[in-house]
Amino acid sequence: MTAPAERGTTTVTAPAERGTTTVSDRAVRRIAERAAGEALPPGDVRVTHGTVTVQGRRAQVAVDVALPYPAPLDEAGSLIQRRVTDRTAELTGLTVPDARIRIRALSARTPVTEDVSGRTAVTENATGRATEDGSGTAAPVESTSTRKPRAAHRPWAQRRVPAALLGLLAAAGCGLLLYDVIRVHATDRAPARWRTGLVDWLAGHGPGDSVVTAGGAVAVLAGLWLLLLALTPGARKLLPMTPPAPELRAVLERPAVAVLVRDAVAAVPGVTRVRTRVGRRRVTVRARLGFGERHTARREVTEAATRALTGCGLARPLRLHTTVTPEPHWHGTPRAHTPGSPSREGTASDEPTP
């Protein structure tokens, strides 16, 4: 309350009572996207999408970016997160918790060359689409790289564990036999009891003995296993990606794909829980529905999972299998059904969608 002013005096309103400044979601989003682009050197960060929700004096910020490859993703993500959080809070005056940064794509670094005149020329991703000189004009050029991109294959595993086990077993057997032979010839002692017993046992058992047959079968299986390891690439947890450049090869871990698909499906309205399983050729998504119409939610879940898989840039597309199951407390919109046809109200789950 302001005391009534006397005649001939001017009423001065307190600064806190003059009004409020409201910052819209769109303005905060643009500030956050601009801050994300300024976190790394110019041209390294490409902002693809941003979402902001302002509630009172707090703002929830999420920004999707594309980073160059190769780059330390954890370090780059932390720098972008700090820059977006601090800069948005500084310019808007809002309380901004840690911003959510999602790396949606990786792109090959743009090579920079210098011609004889000292002017720089930039070629986009070695595709030869355009070049830019010091005058700032762009002109189409032909590609300088004639190499074809590599075929997308899984990288070969180093097989460290099988090789180490085989080497240790062979070294232990050879070392024990060598020690006994040297001890016999150096000290004129009798051979070890285990060696003489093994020779006597082998002399008394032929190929037709069951124990010898079982040992031979084990040796054959071990040999086949070693051949399989030598002829297959291994690294079953890695999925090959489309090469961003002819000289590069990119892979993506299956758990990372599962996390991306899970986060995309969890953003669908009505979905309460999501379980994902990524195999070498198939992705299985099981979602629980808390509210909403079942068939609409199932379609949106399939579309969200498909978009997430497409954004991964995998060389071989994975088959998608989705299942939407209502929660026990679910209450959805009943579907109209014709008389005489069985009603599906109260069913526990939907049919899987290929």
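Which helix holds histidine 295? Histidine 295 sits in helix α7, residues 294-312. Helices (H or I, at least four residues) and strands (E, at least two) are DSSP runs, numbered from the N terminus.

## Basis

This is a predicted model: local features need pLDDT of at least 70, side-chain atom pairs count only at pLDDT 80 or more, and totals for chains, interfaces and linings use all residues. Residues are numbered from 1 along each chain as its sequence is written, and side-chain values use heavy atoms, with hydrogens and water left out.

## Histidine 295

Histidine 295 has a relative accessible area of 15%, so it is buried. Buried means under 20% relative accessible area, exposed over 50%, and partly exposed in between (1.4 Å probe, protein chains only).

The side chain of histidine 295 makes a polar contact of 2.9 Å with that of arginine 298. A polar contact is a pair of N or O atoms within 3.5 Å; within protein, one must be able to donate a hydrogen and the other to accept it, and residues adjacent in sequence count only if both atoms are side-chain atoms.

## Salt bridges

A salt bridge puts a side-chain nitrogen of Lys or Arg within 4 Å of a carboxyl oxygen of Asp or Glu. The count is 10. One of them joins aspartate 64 and arginine 102, with the closest N and O atoms 2.7 Å apart. This pair links distant parts of the chain: strand β2 (residues 58-69) holds aspartate 64, and strand β3 (residues 100-108) holds arginine 102, 38 residues apart. Aspartate 64 is buried at 7%. Arginine 102 is partly exposed at 22%.

Arg34, Glu38 and Arg83 form a salt-bridge network.
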